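User: I would like to learn how to read helix packing and chain contacts. Please take me through an example.
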Amino acid sequence: MSFLEVDAVAKSFGSLVALRGVSLSVQPGELRAVIGPNGAGKTTFFNLISGFFAPSAGTIRFNGRDVTRLPAYRRVSLGMARTFQVTEVFPELSVLENVLIAVEVAAGYRLRPWLGRSARAALRGRVDEILALAGLGQKADRLVGELAHGDQRAAEIAMALALRPRLLLLDEPTAGMGDQETYEITRLIRRLHRDAKLTIVLIEHDMRVIFHLADRISVLDQGRLLAEGTPAEIAANEAVQAAYLGKAA
Amino acid sequence: MNGAAVVAAIRRPAETRWLPLAALWAVLLAVPLWLPLVGGYTALAGRVLVLGLAAIGFNLLLGFTGVMSFGHAAYFGLGAYGAGLTLRYLAASTPLAMLLGTLLGGVAGTLFGLLIARRRGVYFAMVTIAFGQVCYYIAYSWNDLTGGFDGLRGFRRAPIGLGPLVLDIAGDGPAFYYFLLGVFAAAVALMGLLLRSPLGHSFIAIRENERRARFLGIPVERHIWLSFSISCGFTALAGSLYALLNNFADPLGLHYSLSGEIVIMTVMGGMRTFWGPLLGAAVFVVLQDYISSMTTNWMSFIGLLFVVVVLFFPRGLLGFLPRRGAR
């Protein structure tokens, strides 16, 4: 039984067909990379999995449960957390407050109009834990909007981790980053995968990152699944080379 | 990112924070002593508290949830009518009048909010105006019940009996001012606690980034609805106090021009701060009182001041204060 089972999902926006029946299955503990040229439908694919919008056709099963029509916030409570291609954080709040809000929701407290001292202390302990894991301990009191790009990405990942996810969806985590920042984020992702045994699906353009991290790779092209396999298989795949290099095969 | 926010990132130690707060309460407690000396009268301070509370309630929605309503006068007016009708037709009980006034406005807001929580931005603001105007015309036309355009008269706030003690708030002395201040204090304390709670944090999360909030597991529409309902409840409580203050309720308390005034008070005072709306209400009420004794055209002066504040202090008069976070 796969952990995430996407079966022939399709999505059209008016006359524009973004995805034409893509299937994918991810095993527990796997790190899957989704790659493809610009406009291949990668982000649309992520949006379907995370519940940003519903597919025009096809089904999505998560941990044995059909979530195809489930609203995004319910998928979060089942253990799906995601980050976005353009960082989505709470810019005018501090790093600590960003993570605290995520921790409160994860604890099931989002409707509580009051919180006791001990519950408050427990949440703060959890926040410190996550900040340390994401390497943001020193920057807890800074406003997220003032942080460097790389740290903002790290803060967003920290918020996703605060949800105690079972599946982490990362949309181009290293987009717009320099070498040093890319290295830091890659290390963080590998730690989450190796040490925390988190199942991760990530969209990525940086081949170094992909070949460094991924167990398996799925290649999308023009809304279709072009190929799937281990990094070595994908590197040797002629259709993939053609899609990336324009033609030649 | 502007300078104020940068400074705000470095938190001040807790012991220096209570000082301005203590000063504020000292000033409010001493109103009957100092206000007559500067040519004011206590009922004016009562107006500041009542409209300040209405604006603080409204600001839960605008400043802390990031949602704009242009119809909060509807809940203020319903609160006033609820209290007035209770005193006139049901019982000479001030607490009951406040309770039923708050319930009338709060429940109306809760039901109406159910219909509109999916709307955003201009659409949300437009339907809130529309609902306010519906309430206005009902109060205006239902002569038998509400007194129509002349307003609802023929009721007086009643003294409150506490066992053997009687709190005589019926007169025009400072007793009623202190009663208002007590209710105001309890209400803002409740609001302060709410904003420090996970529920309050979820509202701030929606203000900051709706998409992130949704993908943290917050059902955004439902929480906007909650914020709207709670906000309407606070504003309705203020409205019921307004009826007690004036022994009178009129349709203008429901009119969209009052909704606009609540917005002006809030934005002028500083919508990202907790106390900004109270300061905005104070400036508004005092200027209105002072200028309207000289010219009927007082609103154009307030409008001018509003433009100046928005141009030069875009974060409001209290905008220099450290921003209020989610702790």
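**Helix packing and chain contacts**

Analyst: Start with a pair. The axes of helix 4 (residues 42-65) of chain B and helix 12 of chain B come within 8 Å and cross at roughly 175°. Axes are lines fitted to C-alpha atoms, for helices over the stretch in contact, and angles run from 0 to 180 degrees between N-to-C directions. Helices (H or I, at least four residues) and strands (E, at least two) are DSSP runs, numbered from the N terminus. This is a predicted model: local features need pLDDT of at least 70, side-chain atom pairs count only at pLDDT 80 or more, and totals for chains, interfaces and linings use all residues. Residues are numbered from 1 along each chain as its sequence is written, while chains are lettered from A and ligands numbered from 1 in the order in which they are written.

User: How are helix 4 and helix 12 of chain B oriented to each other?

Analyst: Angles over 145 degrees count as roughly antiparallel. Helix 4 and helix 12 of chain B are therefore roughly antiparallel.

User: Which residue classes make up the contact of helix 4 with helix 12 of chain B?

Analyst: Ala, Val, Leu, Ile, Met, Phe, Trp, Tyr, Cys and Pro count as nonpolar, Asp, Glu, Lys and Arg as charged, and the others, Gly among them, as polar. This contact of helix 4 with helix 12 of chain B has 17 nonpolar, seven polar and one charged.

User: Where does helix 6 of chain B lie relative to helix 12 of chain B?

Analyst: The axes of helix 6 (residues 94-116) and helix 12 (residues 220-246) of chain B come within 7 Å, crossing at roughly 150°. By class, the contact of helix 6 with helix 12 of chain B has 11 nonpolar, 13 polar and no charged residues.

User: Is helix 12 of chain B enclosed or open?

Analyst: A residue is buried if 20 or more other C-beta atoms lie within 10 Å of its own, exposed if 12 or fewer, and partly exposed in between; C-beta atoms are placed from the backbone. In helix 12 of chain B, 23 of the 27 residues are buried, so it is largely enclosed by the rest of the structure. Just after helix 12 of chain B, Asn247(B) takes a positive phi of about 50°.

User: How many residues of chain B are in contact with chain A?

Analyst: Two residues are in contact if their C-beta atoms, placed from the backbone, lie within 7 Å. Here 27 residues of chain B are in contact with 33 residues of chain A. Helix 10 of chain B gives the largest share of the chain B side, six residues. That side divides into 14 nonpolar, six polar and seven charged.

Definitions and conventions: Angles under 35 degrees count as roughly parallel, over 145 as roughly antiparallel, 65 to 115 as roughly perpendicular and the rest as oblique.
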